[in-house]
Amino acid sequence: SFNGLLSFRYSFVNTISGSTITPHYHMAGNSVLMLYQSGNSIVVGTKDGLDIYDCPTGKVRNEFRTDLSDILSMCVLDRNNLLAFSKNSGLTVIERKSGVRKPFDTNSVLHSLINQNSINTKLVNAKDGRIFILNIDGYSYYYDPETDQAQHFAFGLNKNEYVEPLYVDNNSINYFISQTTLYELDMSSMQTRSLFVLEEPVSCAVYGGNSRIYYCQSNRILEFDPSRSSFREVGLLGADNGIIQCIIMDMECKLWLATASSWLINLDPETGEYTLFSKQLIDNNNFVNKTQLVSDDGILFLSGATGVIMIDPKGYKPNDFENVSVSLASVVVDDKLAVSSRDSVLVLPQSYTVATCNMFVSQPNPSTSVKIHYILKRKIGFPIIHQEYTYSTSFNLGHLSPGKYTLYSSVLKKGGWSEPEKLLEIS
């Protein structure tokens, strides 16, 4: 195990700027089974049918609608057919125009390999038209539909484990990852080897255009360079951002992350700077499905439990928040107004249950989120007794022992945290 043994080279700064971005295509629907680019079109397979997104026009046409709720994985077999894997039927052929299911060719070399089923089997299209059939009872296959030839290889998995493809091509080395292990597949020999094993499970991973592998563990983003066998932590999100469920790299080698708390985040792996986007962009779309795609023209397709979101990385406009300010609006103690914006001193009663400071945040774009650092300092004794990073415009004081305090706020801007500004004197 590498956990606890690695010395990470920290080169990141957690700088956040608010941004606005409009995903100009959202396909609501059931959970996504497949994303595949065919020419200028994106083939989108979901649990309730097949859609074709035309990249030049931005129009979507429906190929068929049918119940595919039993399908676990799907890929393109040829120009007229899809190849699907179901728990009950194993491999099945589906006509692309009608959605009609057909039994897989009994004379195919794969027919004898699919009698026993695994719920973790995954079908993946390689760039050359061939298909990776991953983990059928511990074995995997590289299948050529034109020649009906299959080469087998193994990751050493049992039938209850699964692997996700990170990079699949017909040349040299391919990479796959399970929850704890990164594998390398040499296409010339069809031999696999383990590159590293981790104690903490990996929630998602991607092979980047810079030939490095990025993987996430909870709210951490790490980098592995296969050429040097070196590791580096490139980012650490706040706990309130949630667990990272999706990671993808655009053509500018910037990472895009989607979290369980519905945040969309753009991260520069070289500097560690990241941009946090409004939650409304991906709200209610759980990214437990790891099927993502970068189209040939650089558009990002992120799939989740409720469909596909398409984002053009060039279409967003960051705000640097240089003009953001925080001021005190009111303080409410046990549901009673204790301080208004005209006052500057709060006298707390000897006993109280809840004291909440409400703030007024002035910012260029109200739809974006501002990261605020509240600092409560005690004038005598320990210099700082409470500090909190939050997106909220309110701050709970908690129960304070008798004494004099000062509440400050600081805003995270493009160049880092602003100087703390006094909001309130407390006695």
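**Entry 1: the chain as a whole**

I looked up burial first: 51% of the 427 residues in the protein chain are buried, where buried means under 20% relative accessible area, exposed over 50%, and partly exposed in between (1.4 Å probe, protein chains only). The model is predicted, so I note that local features need pLDDT of at least 70, that side-chain atom pairs count only at pLDDT 80 or more, and that totals for chains, interfaces and linings use all residues. Residues are numbered from 1 along each chain as its sequence is written, and side-chain values use heavy atoms, with hydrogens and water left out.

For secondary structure I found zero helices and 40 strands in the protein chain. Helices (H or I, at least four residues) and strands (E, at least two) are DSSP runs, numbered from the N terminus.

I then looked up contacts, meaning heavy atoms within 4.5 Å. Of the contacts in the protein chain with a separation of 6 or more, 48% are between residues 24 or more positions apart.

The accessible surface of the protein chain is about 20000 Å², by the Shrake-Rupley method with a 1.4 Å probe; for residues, only the protein chains shown count as cover. Carbon and sulfur atoms hold 46% of that surface.

**Entry 2: Thr 259**

I found Thr 259 in strand β24, residues 255-259. Thr 259 counts as buried because its relative accessibility is 1%. Leaving aside neighbours within four places in sequence, I list its contacts as Leu 237, Asn 241, Gly 242, Ile 243, Ile 244, Gln 245 and Ile 265.

**Entry 3: salt bridges**

I looked up the salt bridges, each a side-chain nitrogen of Lys or Arg within 4 Å of a carboxyl oxygen of Asp or Glu. The structure holds 14.

One of them joins Arg 65 to Asp 51, with the closest N and O atoms 3.3 Å apart. Arg 65 is in strand β6 (residues 59-65) and Asp 51 in strand β5 (residues 49-54), so the pair ties together parts 14 residues apart in sequence. Arg 65 is partly exposed at 48% relative accessibility, while Asp 51 is buried at 6%.

Glu 184 and Arg 193 also meet in a salt bridge, at 2.8 Å from N to O. Glu 184 is buried at 13% and Arg 193 partly exposed at 48%.

Which parts of the chain does the pair Arg 212 and Glu 270 link? Their closest N and O atoms are 3.4 Å apart. Arg 212 sits in the loop between β19 (204-207) and β20 (213-217), and Glu 270 in the loop between β25 (264-267) and β26 (274-277), 58 residues apart. Salt bridges that share partners join Arg 212, Glu 223, Asp 225, Arg 232 and Glu 270 into one network.
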